[in-house]
Amino acid sequence: MRAARLIKMVLLLQARPSMTAAELARELEVSERTVARDVLSLSEAGVPVYADRGRAGGYRLIGGYRTRLTGLGRSEAEALFLSGVPSALREMGLADAASAARLKVSAALLPELRDAATGAAQRFHLDAPGWYQEPETPALLPKIADAVWDDRRITARYLRKDTEVERELEPYGLVLKAGVWYLAARTQGDFRVYRVDRFTEAAPAGSGTASGTDDANDADDADKTDTTGGRFARDASFDLPEFWAQRAAQFARSILREEVVLRLSPRGVRQLPYVTERAAAREAIERAQTADGPDAHGRLTVTLAVESAEVAYAQLLALGPEGDILAPPELRERFASAARRMAALYPEGDTAGAGPYADGPGEGTPGEAGPGHGCP
């Protein structure tokens with residue numbers, strides 16, 4: 001345990017010019033006193049760790065000291081080769097660079113560990129796109145990825161609903177979510193998220209490739225930013241995983257604009273998170289259980305946030321008789337109509353599919369919405 005901690009300390013100091021005792025203690029999950037003892041042990045072992053005194057002091061390696069990766073164990077080496085997503089690297093145009101990096105790491109490993117890359121790849125594979133989707137690589141992804149790596153401003157044209165707008169962006173990071181690429185970028189001082197497949201053009205800022213703006217506020221951008229196509233200074237406090245988690249949660253909440261009240265059987269309570277937005281379902285169930293709890297028959301009445309009545313109709317039909325819609329009234333009537341039509345399709349004693357609608361489209365006027373109407 002201590003040997004692994006000492007190796008990690010050396011690697012941390014290799015990666016950064018200097019680290020304070022508090023920073024090392026936080027990264028290693030130990031006390032600052034333990035950090036001091038570990039630094040002394042490294043010095044005694046010949047690792048040149050130097051302590052800078054004073055308020056802005058810290059620990060650093062001197063003399064360009066580097067350690068080889070011969071301290072890696074098998075599980076650590078295999079985990080290292082699992083850290084990339086091959087399909088994502090190919091789409092960003094980084095497959096060759098990643099391959100070269102893996103070869104260099106393999107060459108630095110002990111001989112008995114050099115099969116770690118093959119062993120890991122044959123045991124674990126990440127397939128990012130969702131089911132029933134044919135993933136397409138956005139044409140501009142490699143160009144945008146280059147700008148992300150180089151911290152270089154771009155001028156981009158972007159499809160927003162039915163209009164095309166132009167933005168000067170500071171591209172901070174890319175996120176692959178369920179087969180769709182998103183760009184986290186700063187524009188006009190704010191961080192925003194853009195779908196990469198909606199970009200129609202991207203060029204170094206100030207190159208003159210794109211022109212025009214979509215609103216009056218953008219007219220002042222040239223006065224606020226460097227439009228020479230040069231690099232921008234990254235905000236050191238920006239954390240891409242944390243930013244994405246917050247924006248994803250905000251987006252999930254923002255689309256749930258309406259509410260449905262329904263009464264669930266015990267089985268319906270268990271099924272609800274699997275037929276609608278999972279976080280919203282769990283919140284509704286927890287809120288109902290805390291407030292009133294189940295009735296004498298074990299049924300739980302919940303108020304569920306939904307995207308729309310149309311989407312709720314398509315999703316909640318999957319509950320069948322395990323969910324009873326109470327409100328809004330128009331949605332309840334729609335479910336009642338669907339239930340009557342379903343019952344007519346399956347009359348009691350009919351096992352041969354000879355119900356009254358076997359040869360027809362079902363009750364209602366032509367064009368009336370069926371059970372699948374409104375499915376997103």
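Mentor: Start with Glu29. Its relative accessible area is 72%, which makes it exposed. The cut-offs, with a 1.4 Å probe and protein chains only, are under 20% for buried, over 50% for exposed, and partly exposed in between. Keep in mind that this is a predicted model, in which local features need pLDDT of at least 70, side-chain atom pairs count only at pLDDT 80 or more, and totals for chains, interfaces and linings use all residues. Residues are numbered from 1 along each chain as its sequence is written, and side-chain values use heavy atoms, with hydrogens and water left out.

Glu29 sits in the loop between α2 and α3. Helices (H or I, at least four residues) and strands (E, at least two) are DSSP runs, numbered from the N terminus. The backbone of Glu29 deserves a look: phi is near 60°, a positive value in a residue that is not glycine. Most residues other than glycine have a negative phi, and most peptide bonds are trans.

Next comes α3, residues 32-44. Its 13 residues reach 19 Å from first C-alpha to last, close to the 18 Å expected at 1.5 Å a residue. That expected span is 1.5 Å times one less than the number of residues. Thr34, Val35, Asp38, Val39 and Leu42 are its buried residues. They lie on the same side of α3, because they cover an arc of only 140° around the axis. The arc is that of the directions from the helix axis to the C-beta atoms. An α-helix has 3.6 residues a turn, so residues three or four places apart point the same way. Arg33, Leu40 and Glu44 are exposed on the other side of α3. After the helix comes Gly46, with a positive phi near 95°.

What does the buried side of α3 pack against? The partners are α1 (2-15), α2 (21-28), β1 (49-52) and β2 (58-61). Take α1. Two packed helices are described by the angle between their axes and the distance between the axes. The axes of α1 and α3 come within 11 Å and cross at roughly 85°. Axes are lines fitted to C-alpha atoms, for helices over the stretch in contact, and angles run from 0 to 180 degrees between N-to-C directions. The two helices are therefore roughly perpendicular. Under 35 degrees counts as roughly parallel, over 145 as roughly antiparallel, 65 to 115 as roughly perpendicular, and the rest as oblique.

From α1, Arg2, Arg5, Leu6, Met9 and Val10 take part. They meet Thr34, Val35, Arg37, Asp38, Val39, Ser41 and Leu42 of α3. Contact here means heavy atoms within 4.5 Å. By class, that contact holds six nonpolar, two polar and four charged residues. Ala, Val, Leu, Ile, Met, Phe, Trp, Tyr, Cys and Pro count as nonpolar, Asp, Glu, Lys and Arg as charged, and the others, Gly among them, as polar.

Now set another helix pair beside that one. The axes of α11 (residues 266-275) and α12 (residues 278-291) come within 7 Å and cross at roughly 150°. That makes α11 roughly antiparallel to α12. Val269, Leu272, Pro273 and Tyr274 of α11 meet Arg278, Ala281, Arg282 and Ile285 of α12. Six of the contact residues are nonpolar, none polar and two charged. In α12, the buried residues are Ala280, Ala281, Ala284, Ile285 and Ala288. They line one face, since they fall within an arc of 130°. Their cover includes α11 and β9 (300-306). Glu286 and Thr290 are exposed on the face turned away.

Ala178 is partly exposed, at 39% relative accessible area. The peptide bond from Ala327 to Pro328 is cis, with omega near 5°. Pro328 lies in the loop between β10 and α14.

Finally, step back to the chain. The protein has 14 helices and ten strands. Of its 376 residues, 33% count as buried. Among contacts with a separation of 6 or more, 64% join residues 24 or more positions apart.
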